[in-house]
Amino acid sequence: MLTGAVKAILPLDRLPDQISPQNAIDVVEVRDVKTNGRYLVRGDTNGHFATVLNAGKEWRHRADIIDVNDAEWMITLQGRAAQQVRITDIVPQLEGGKCSSPPGGDLVDAPGQGVTDVVPLEVAIDSPQPTMTSYAKGRKSGEPYFTGPKAKQITLNQNESQAFLIHATSGRGHCRWRYRVHYQVGGGTAEMTLSRAGGKPFELTGELPGIGRYRSVHFPSFTCAGTGSYAPGKWFTQTGAEYARAQRRRNPSPCPQG
């Protein structure tokens, strides 16, 4: 979410009068902060991922995991120029110009056990023209943030940092993208590309049309019903077809035996 400014000191080799407009912004942090929801596991043909889950190992940020339906990224940018930098737009640029069909594989269904924080910026990445909007609780979509009659800007003074969350959603497509950040500084305009660590694109997929089409589904014990079934950190695994049938019978569905 948009936060207050955080002051920092620039090293001597980054003095403002030596900085060009193209280098007026530093990317301090790009961090995946999604903690619950649905995820896709790619390439787990041997079924070892269930062992990883029940061993309590960190799994959400593995390279073979894709966020499903939505993703949340904490992004912190810092101004480097002596003049104020005004960010006028953040525009997603899709690889190949469009999203592809959602891939299959193994689904992890990890709902939260509490209320998640509201995020102020979001983008439907698989829409015909993805646009940053303000998030408004209780509404399906907010007003455009950087464009339209209520357009806003993000300003960065010298040595000032600004952190915010971008909540991306996809209902239909498998999308890979980077953000193009448009800004003004020193009377001119410039752009920069915003990627994940190592220059990797952001990635998100919608669900397959029917949960039964996934090879398997991993889910925590607190989401199903059964005497003595709940144990912190315990996960169950069913085939996609089994999970779909169980969900149709009861809510919550009975926990698998064993």
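**Salt bridges across the chain**

On burial, D109 has a relative accessible area of 11% and is buried. R38, at 22%, is partly exposed. Keep in mind that this is a predicted model.

How many salt bridges does the structure hold? The count is 13. I'll go through two others.

K34 pairs with D70, and here the closest N and O atoms are 3.2 Å apart. The two residues come from distant parts of the chain, 36 residues apart: D70 belongs to strand 5 (residues 70–79), while K34 sits in the loop between strand 2 (25–32) and strand 3 (37–41). Which side of this pair is buried? K34 is, because its relative accessibility is 4% and the cut-off for buried is under 20%. D70 comes out at 22%, which counts as partly exposed.

The next pair is R178 with E95, at 3.0 Å between the closest N and O atoms. This one also links distant parts of the chain, 83 residues apart, with R178 in strand 12 (residues 174–185) and E95 in the loop between strand 6 (85–94) and strand 7. R178 and E95 belong to one network, built from salt bridges that share partners, together with R42, R176 and E203. As for accessibility, R178 is partly exposed at 24%. E95 is partly exposed too, at 32%.

How values were computed: Residues are numbered from 1 along each chain as its sequence is written. This is a predicted model: local features need pLDDT of at least 70, side-chain atom pairs count only at pLDDT 80 or more; totals for chains, interfaces and linings use all residues. Side-chain values use heavy atoms; hydrogens and water are left out. A salt bridge is a side-chain nitrogen of Lys or Arg within 4 Å of a carboxyl oxygen of Asp or Glu. Helices (H or I, at least four residues) and strands (E, at least two) are DSSP runs, numbered from the N terminus. Buried means under 20% relative accessible area, exposed over 50%, partly exposed in between (1.4 Å probe, protein chains only).
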